[in-house]
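Here are my notes from a pass through this one, as promised. Have it open beside you while you read.

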Amino acid sequence: MRATNYAVVGHVEWCDFVRVDKVPLSGEIVHADAHFAEPAGGGAVAAVELARLAGDVLFFTALGDDELGARARQRLGELGVTVFASEQRLPQRRALVFLEQGGERTITVLGSRLGPAGAEPLPWQRLTGAAVYFTAGDRTALERARQGRLLVATARALDVLRGSGVAVDVLVRSGRDRGERYEPGWLEPPPRVVVTTLGRDGGYAELAGGERLEWRAEAVADDEIADTYGAGDCFAAGLTWALGSGRDLPEALAVAAHCGAACVRRQGPYGSQIAG
């Protein structure tokens, strides 16, 4: 059975991207050879990738009540995302992203994460029957997300997931990021599938019954790598789309790996234009 809609419940960061030879050491000055800015963060990046895959996506979020919040809404619309957002009486959350030669990204975040609140008067009923990816929000927003036929969540949302009692179908985590650590028993009920990504080494999926399924990453040559920002978010979006469209898990993981590889081949998460 296919999902009736695709949706993301999550957050946005207005990101200033700067391309440098290397991240500065303490007290050091480095010069960027290019820069650009986009609304990004895990929720926004996944929403844009899902819009590319599905033709449309519903994005439930919260935005600051300032100019950057308005620019984020406009730009996401230009990228094919249908935005349902409450305006918070806070500045839009921002981030500074260093993109190093070789592809590594280093991020400094400014401000509090603005996730949607489930009590906000947004059209939550449109999540019914959807394939939903959850990156941020309060517990009520998580419960709203569970209206979907499929609920995929990032391990970065464990602070909301733990103790909620909400059943997650698929939990996605990075095996190389301490901020995405997950151990069995942390969620009750446990996820049906826990997917662990390992970058160029592929990754593995662990099913509730004990079965383990490994996959290989799609090969990307060193000279093809633009940067790695957003690759994990695009992976999760591809996985959500593929499972929501009826693919079995092995095929869905292959689709997700392709989406992650495609992301590292483009400048920024969307193939952004750069300014010197």
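1. Let me start with a side chain I kept coming back to. Phenylalanine 235 has a relative accessible area of 6%, so it counts as buried. Keep in mind that this is a predicted model.

2. Where does phenylalanine 235 sit? Its place is in helix H5, which covers residues 231-244. Setting aside neighbours within four places in sequence, phenylalanine 235 is in contact with Val172, Val195, Thr197, Trp215, Leu253, Ala256, Ala257 and Gly260.

3. Now the cysteines. How many disulfides does a search of the whole structure find? The answer is zero. Cysteine 15 is in no disulfide, and the nearest cysteine sulfur, belonging to cysteine 263, is 12 Å away. Cysteine 15 has 0% relative accessibility, so it is classed as buried.

4. For cysteine 263 the nearest cysteine sulfur is that of cysteine 234, at 3.8 Å. A disulfide needs the two sulfur atoms within 2.5 Å, and cysteine 263 is in no disulfide. Is cysteine 263 buried or exposed? Its relative accessibility is 0%, so cysteine 263 counts as buried too.

5. On to the whole fold. The protein chain has six helices and 13 strands. Of the contacts between residues at least 6 apart in sequence, 57% join residues at least 24 apart.

6. What about overall dimensions? A compact globule of 276 residues would have a radius of gyration near 19 Å, and the protein chain comes out at 18 Å, so the value agrees with that expectation. Along the principal axes, the C-alpha trace spans about 50 × 45 × 35 Å.

7. Burial and surface go together here. Buried residues account for 52% of the 276 residues in the chain. The accessible surface of the protein chain is about 12600 Å², with 48% of that belonging to carbon and sulfur atoms.

8. Last, the charges. How many positive and negative side chains does the protein chain have? There are 30 positive and 36 negative ones, and the centres of the two sets lie 3 Å apart.

Definitions and conventions:
Residues are numbered from 1 along each chain as its sequence is written. This is a predicted model: local features need pLDDT of at least 70, side-chain atom pairs count only at pLDDT 80 or more; totals for chains, interfaces and linings use all residues. Side-chain values use heavy atoms; hydrogens and water are left out. Buried means under 20% relative accessible area, exposed over 50%, partly exposed in between (1.4 Å probe, protein chains only). Helices (H or I, at least four residues) and strands (E, at least two) are DSSP runs, numbered from the N terminus. The radius of gyration is taken over C-alpha atoms; the globule rule is 2.2 Å times the number of residues to the power 0.38. Contact means heavy atoms within 4.5 Å. Accessible areas come from the Shrake-Rupley method with a 1.4 Å probe; for residues, only the protein chains shown count as cover. Lys and Arg count as positive and Asp and Glu as negative; His and the chain ends are not counted. The place of a charge is taken as NZ of Lys, CZ of Arg, CG of Asp or CD of Glu.
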